[in-house]
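Here is a short briefing for a first look. Take a moment with the sequence and the model before reading on.

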Amino acid sequence: MTAAVETRALGKRFRRGWAVRDCTLTIPEHAIVGLAGPNGAGKSTLLSLAVALLAPTEGTISVLGRDPWRDPDTLGEVGYVAQDAPLYRSFTVGETLDFARKTNAHWDSSLATGSLARLSSNSRVSALSAGERARLALAVALGKRPRLLLLDEPFARLDPKAGREFLQMLMDGVADIGATVVVASHVVADIERIADHIVLLSDGRVRLEGNVEELLASHRLLTGGSRPLGRIGGVSEIVRERSSGRQMTLLARLSAPVADPTWSVDEIGLEELLLGYMAPERLPKPAPQERRRLQWHG
Amino acid sequence: MIEFHLDSRSGVATYLQIVQQVKEALRLGVLDLGDQLPTVREVVADLAINPNTVAKAYRDLEREGLVVARPGRGTFIADTLAAPSLQHHEALRRELERWLAAAMQAGLDEDSIRALISNTLREALVRRVA
């Protein structure tokens with residue numbers, strides 16, 4: 001099986017510094033990927049590298065098994081909606097779809113227009129609401145019947161109702177064409193409902209990547225009395241520790257169930273998991289050698 | 001036809017919620033042999049969730065022998081969980097409704113009622129095993 005996107009030690013440097021660094025990841029085909037991370041983490045840069053709007057400074061990226069920079073035909077199979085759903089504001093809805101039909105070799109107008117049922121084709125883009133504009137931009141991307149669909153912060157300007165409508169249209173379109181989807185968002189709640197795969201970026205680096213179900217199954221919150229941390233049976237890595245007085249909470253990656261009865265073990269939600277990997281405690285800091293070893297490897 | 005609903009705060013994985021709702025409908029006789037489940041497209045459009053999630057739920061149900069997928073036609077109920085006890089449900093429900101009315105009359109709120117029922121059920125199950 002070809003990966004939809006595969007990067008090896010990928011890096012992009014701008015004048016102000018590295019936006020993406022040492023990024024190695026594999027996005028399996030047909031996955032719906034949440035690309036999470038705070039603003040400025042490198043999400044948009046990574047998507048721009050995937051659609052060859054930017055060239056890598058180092059490392060490689062392959063999209064649908066090909067190099068998008070050397071093989072521009074790849075992009076015919078990739079749908080990309082940049083932040084703020086850029087469209088020609090003076091066009092009408094009809095003209096926008098017409099333009100998309102003429103500029104794309106493969107165009108499925110029934111798929112594109114079918115999902116825009118309540119939009120009049122005579123409305124000007126400039127007169128549309130944020131939600132309508134987002135759906136129009138998505139229709140243009142879906143009409144290509146892409147194998148890979150990349151969406152950059154599609155929910156940023158949408159209220160909850162418009163967000164839900166956008167999501168319904170997206171999921172319905174994906175069920176139809178079977179594309180791999182990457183949705184970049186700094187709000188975990190926006191992607192939690194749909195993502196089956198997560199890539200977490202922070203400061204340009206991949207902090208966590210994998211199948212959501214497997215990640216949730218392998219992480220637990222351990223709560224117990226404060227103590228010096230040694231090896232805990234079943235824990236393969238302590239991701240984050242936080243203590244408040246006599247109590248201590250650990251976010252831990254497990255290799256086996258924790259049997260030690262002095263820890264109470266709880267499941268963890270996706271948002272909390274991602275925050276744990278983003279938290280400053282996770283970042284390298286000057287600390288005694290021994291303590292650091294415990295923190296990183298349990 | 002069954003309509004799925006999602007509780008995003010329950011912490012239960014989405015595909016499991018779908019599996020559980022089908023099983024519950026089977027237990028209550030809401031779904032019966034030969035009934036059709038909504039198509040993946042219908043569930044996806046309704047709940048705005050990942051099509052892979054719905055497909056996974058249906059695959060799990062198929063593996064348990066509860067449904068069968070007929071390519072191009074849809075997914076159909078192949079087994080029932082209601083069994084012979086279903087005929088007693090109506091009478092038991094009426095008794096339960098009377099009990100609930102009495103509980104509310106006595107001033108119990110929803111949480112207290114739930115707690116009392118699940119507690120009593122747990123103890124009864126333990127006693128049966130013992």
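A:Leu97 lies in helix α2 of chain A. Helices (H or I, at least four residues) and strands (E, at least two) are DSSP runs, numbered from the N terminus. This is a predicted model, in which local features need pLDDT of at least 70, side-chain atom pairs count only at pLDDT 80 or more, and totals for chains, interfaces and linings use all residues. Residues are numbered from 1 along each chain as its sequence is written, while chains are lettered from A and ligands numbered from 1 in the order in which they are written.

**Helix α2 of chain A**

- A:Leu97 counts as buried because it has 22 C-beta neighbours inside 10 Å. (A residue is buried if 20 or more other C-beta atoms lie within 10 Å of its own, exposed if 12 or fewer, and partly exposed in between; C-beta atoms are placed from the backbone.)
- Helix α2 spans residues 93–103 of chain A, and its buried residues are A:Val93, A:Thr96 and A:Leu97.
- Seen down the axis of α2(A), these buried residues fall within an arc of 95°, so they line one face of the helix. (The arc is that of the directions from the helix axis to the C-beta atoms.)
- The exposed residues A:Lys102 and A:Thr103 sit on the face turned away from the buried side of α2(A).
- α3 (109–114) and α4 (130–143) of chain A are what the buried residues of α2(A) pack against.
- Leaving aside neighbours within four places in sequence, A:Leu97 is in contact with A:Ser109, A:Ala112 and A:Thr113. (Contact means C-beta atoms, placed from the backbone, within 7 Å.)
- A:Leu97 and A:Trp107 are ten residues apart in sequence and 9.9 Å apart in space, C-alpha to C-alpha.

**The nonpolar core**

- The largest nonpolar core has 99 residues. (Such a core is a set of buried Ala, Val, Leu, Ile, Met, Phe, Trp, Tyr and Cys residues joined through C-beta atoms within 7 Å.)
- α4(A) gives the most to this core, with eight residues.
- Among the residues with the most contacts inside the core are A:Leu138 and A:Met171.
- Not counting residues up to four places away in sequence, A:Met171 touches A:Ile194 in its own chain, and B:Val44, B:Ala48, B:Ile49, B:Asn50 and B:Pro51 in chain B.

**Where the chains meet**

- Chain A puts 15 residues into the contact and chain B puts in 13 residues.
- Helix α5 (residues 160–177) of chain A gives the most to the chain A side, with seven residues.

**A sheet in chain B**

- Three strands form an open sheet in the order β1-β3-β2 (chain B), with antiparallel pairing. (Two strands pair if DSSP finds at least two bridges between them.)
- The edge strands, β1 (36–37) and β2 (67–70) of chain B, each pair on one side only.
- β2(B) pairs with strand β3 (residues 74–77) of chain B over four bridges.
- B:Val67 has B:Ile77 as its bridge partner in β3(B), and B:Val68 has B:Phe76.
- Three residues lie between the strands in the hairpin of β2(B) and β3(B), where B:Gly72 takes a positive phi near 80°.

**A sheet in chain A**

- Four strands make an open sheet in the order β11-β12-β10-β13 (chain A), paired antiparallel.
- Its edge strands are β11 (235–244) and β13 (264–266) of chain A.
- β11(A) and strand β12 (residues 247–254) of chain A pair over eight bridges.

Notes:
Two residues are in contact if their C-beta atoms, placed from the backbone, lie within 7 Å.
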